[in-house]
Amino acid sequence: MAWINTLVFVVIGVVIGFVIARLTMRDNTQQKDLKKELEKSRYELEQYRQELVDHFAQSAELLDNISRDYSKLYQHMANTSAELMPNLPEQDNPFAKRISKLSEVTEEAEDDQTPPRDYSDGASGLLKDKTETSKAS
C-alpha cells in the first residue's frame, strides 16, 4: 500500500510540475519576444540618433561654408568699391567700416578650424519609405 501511495504522489507531482512548467514557458516566450522587440527598438533609435548627428554635422559644415562665402563676397565688394571709387572718403564707403572687423573674424575662424569628425556618408535607409513618399507628393 505504501508503494501505491508513493507512486500516486509521484504521478501527481509530475503532473503538477508539467502544468507549472507549461505556464512559466508561456511567460518565458513572451519575455523573449519583448526582449527582441526592445533590442530592435534600441537599434532603430541608435540609427536614428546617428542620422541626426550626421544631419547636424552636415548642416554645420554647410553653414560654415555659407559664412566663408559671405565673408569672401563682402571682402570682394569692399575691395572693388575701393578700386572703383578711389577718391571716395572712408566714411562714405559702406564697406570700409567693417573690413577690419571682418578680416579679424575671418582670421579667427581659420585658426579655430578643426578637422571634421569621421561619420559615415551613406544613409542607413531607416527613413527611406517616408522620404520617398514625401518626394513623390
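Mentor: Let us begin with the surface. A patch is built from residues with over 30% relative accessible area and no salt bridge, where like charges are joined within 9 Å and nonpolar side chains (Val, Leu, Ile, Met, Phe, Trp, Tyr) within 5 Å. Accessible areas come from the Shrake-Rupley method with a 1.4 Å probe, and for residues only the protein chains shown count as cover. A nonpolar patch of about 750 Å² is formed here by Met1, Ile4, Val8, Phe9, Ile12, Ile16 and Ile20.

The model is predicted, so local features need pLDDT of at least 70 and side-chain atom pairs count only at pLDDT 80 or more, whereas totals for chains, interfaces and linings use all residues. Residues are numbered from 1 along each chain as its sequence is written, and side-chain values use heavy atoms, without hydrogens and water.

The protein has three helices and zero strands, in the order α-α-α from the N terminus. In pLDDT, the predictor's confidence in each residue from 0 to 100, α1 has the highest mean of these elements, 89, while helix α3 (residues 128–136) has the lowest, 52. Where pLDDT is low, the predicted coordinates should not be read in detail. The protein as a whole averages 78, and 68% of the residues score at least 70.

Arg68 forms a salt bridge with Asp64, their closest N and O atoms being 2.2 Å apart; the term requires a side-chain nitrogen of Lys or Arg within 4 Å of a carboxyl oxygen of Asp or Glu. A search of the whole structure finds one such bridge. Arg68 and Asp64 are four residues apart in α1, so about one helical turn separates them. Arg68 is partly exposed at 33% relative accessibility, and Asp64 is partly exposed with a relative accessible area of 33%.

The structure also holds one aromatic pair. The rings of Tyr70 and Tyr74 have centres 6.3 Å apart and planes at 40°, so the pair is tilted. Rings of Phe, Tyr and Trp (its six-membered ring) pair if their centres lie within 6.5 Å; planes under 30 degrees apart are stacked, those over 60 edge-to-face, and the rest tilted. Both tyrosines, Tyr70 and Tyr74, belong to α1, four residues or about one turn apart. Tyr70 is exposed at 52% relative accessibility, whereas Tyr74 is buried at 10%.

Ala82 is also in α1 and is partly exposed, with a relative accessible area of 42%. Between Ala82 and Phe95 there are 8.7 Å in space, C-alpha to C-alpha, and the two are 13 residues apart in sequence.

Finally, consider the whole chain. Of the 137 residues, 7% count as buried. The protein exposes about 12500 Å², of which carbon and sulfur atoms supply 59%.

Technical notes. Helices (H or I, at least four residues) and strands (E, at least two) are DSSP runs, numbered from the N terminus. Buried means under 20% relative accessible area, exposed over 50%, partly exposed in between (1.4 Å probe, protein chains only).
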